[in-house]
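Subject: The structure, and what turned up in it

Hi there,

Here is the structure I promised to pass on. Have a look at it first, and then read on for what was found.

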Amino acid sequence: MSDREAEVLVAVQTALAKPPAVRAARMLSFFGEHGAGWVAVGVAGWLVDRRRRPEWTVATTSVVAAHATSIVVKRLVRRRRPHHAGVQVLAGTPSKLSFPSSHATSTTAAAIAYGALTNQPLAPLLVPPMAISRLVLGVHYPTDVLAGAVLGAVVARGVRRAVWGRR
């Protein structure tokens, strides 16, 4: 970890890692684990919105594809999670690998895919809380969440374009 990233992570935790924020971050962490919460949203959309089931299928597939891609990148890069005297790790993780943040990846993919489907600007509402939660919990570096958001956007747009073209 660069000294600058450690400083940013410590600063975020110092400013935000208070009990209510940590509780909220842990809830987001649970919801986003393996992209499961976002997949559940897609399945619910598929069940409720019969007319647009194909679109919900593609959007939900985007989330799954983004999460899977983040796992592959994580295993290739093999960056270790934060380990610094000033960083408190406030949540468990399924692996010791950090780059990119799979939570940020799947959340961004969901925000873009479901936002396109519902014609709602979801990314500004959904991505920042999830990204910041990963820093509050001390389980990711700032570049992990940034890279995860970029990866999620690229995969969501790529899946949509591959299936629907420029539609």
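**Pockets, a cavity and helix packing**

The largest pocket holds about 230 Å³ of space. Please keep in mind as you read that this is a predicted model.

Let me stay with that pocket for a moment. Its lining is made up of 15 residues, and those nearest the centre of the largest pocket are Ile71, Lys74, Pro94, Ser95 and Ser102. Helix 4 and helix 5 each contribute at least two residues to the lining, and helix 4 gives the largest share, with 4 residues. Sorted by class, the lining of the largest pocket has 7 polar, 5 charged and 3 nonpolar residues.

The search of the whole structure turned up 1 cavity of 30 Å³ or more, and the largest cavity contains about 60 Å³ of space. Its lining consists of Glu55, Val58, Ala59, Ser62, Ala113, Leu117, Ala156, Arg160 and Trp164. Helix 4, helix 5 and helix 7 (142–164) are the elements that give two or more residues to this lining. Helix 4 again has the largest share of the cavity lining, 4 residues. Here the classes come out as 6 nonpolar, 2 charged and 1 polar.

Now for the packing of the helices. How do helix 4 and helix 5 lie against each other? Helix 4 (residues 53–77) packs against helix 5 (residues 102–118) at an angle of about 160°, and their axes are 9 Å apart. That angle makes helix 4 roughly antiparallel to helix 5, and the crossing of the two is right-handed. On the helix 4 side, the contact is formed by Glu55, Trp56, Ala59, Thr60, Ser62, Val63, Ala66, His67, Ser70, Ile71 and Lys74. Facing them on helix 5 are Ser102, Thr105, Ser106, Ala109, Ala110, Ala113, Tyr114, Leu117 and Thr118. This contact of helix 4 with helix 5 has 10 nonpolar, 8 polar and 2 charged residues.

Trp38, Val39, Val41 and Gly42 of helix 3 meet Ser106, Thr107, Ala110 and Tyr114 of helix 5. That contact has 5 nonpolar and 3 polar residues, and no charged ones.

With helix 6 (residues 123–136), helix 5 packs at an angle of about 175°, and the axes are 9 Å apart. Helix 5 and helix 6 are therefore roughly antiparallel to each other. Here His103, Ala104, Thr107, Thr108 and Ala111 of helix 5 touch Ala123, Leu126, Val127, Met130 and Arg134 of helix 6. By class, this contact has 6 nonpolar, 3 polar and 1 charged residues.

Happy browsing, and best wishes

How values were computed. Residues numbered from 1 in each chain as written. Predicted model: local features only at pLDDT ≥ 70, side-chain atom pairs only at ≥ 80, totals over all residues. Heavy atoms only, no water. Axes fitted to C-alpha atoms, helices over the stretch in contact; angles between N-to-C directions. Parallel < 35°, antiparallel > 145°, perpendicular 65-115°, else oblique. Left-handed = near helix turned anticlockwise from the far one by under 90°. Contact = heavy atoms within 4.5 Å. Nonpolar A, V, L, I, M, F, W, Y, C, P; charged D, E, K, R; others polar. 1 Å grid on protein atoms, 1.4 Å probe; cavity = no way out; pocket = protein on both sides within 12 Å on 5 of 7 lines; lining within 4 Å. Points joined across faces, edges and corners; volume = space filled by probe spheres on them.
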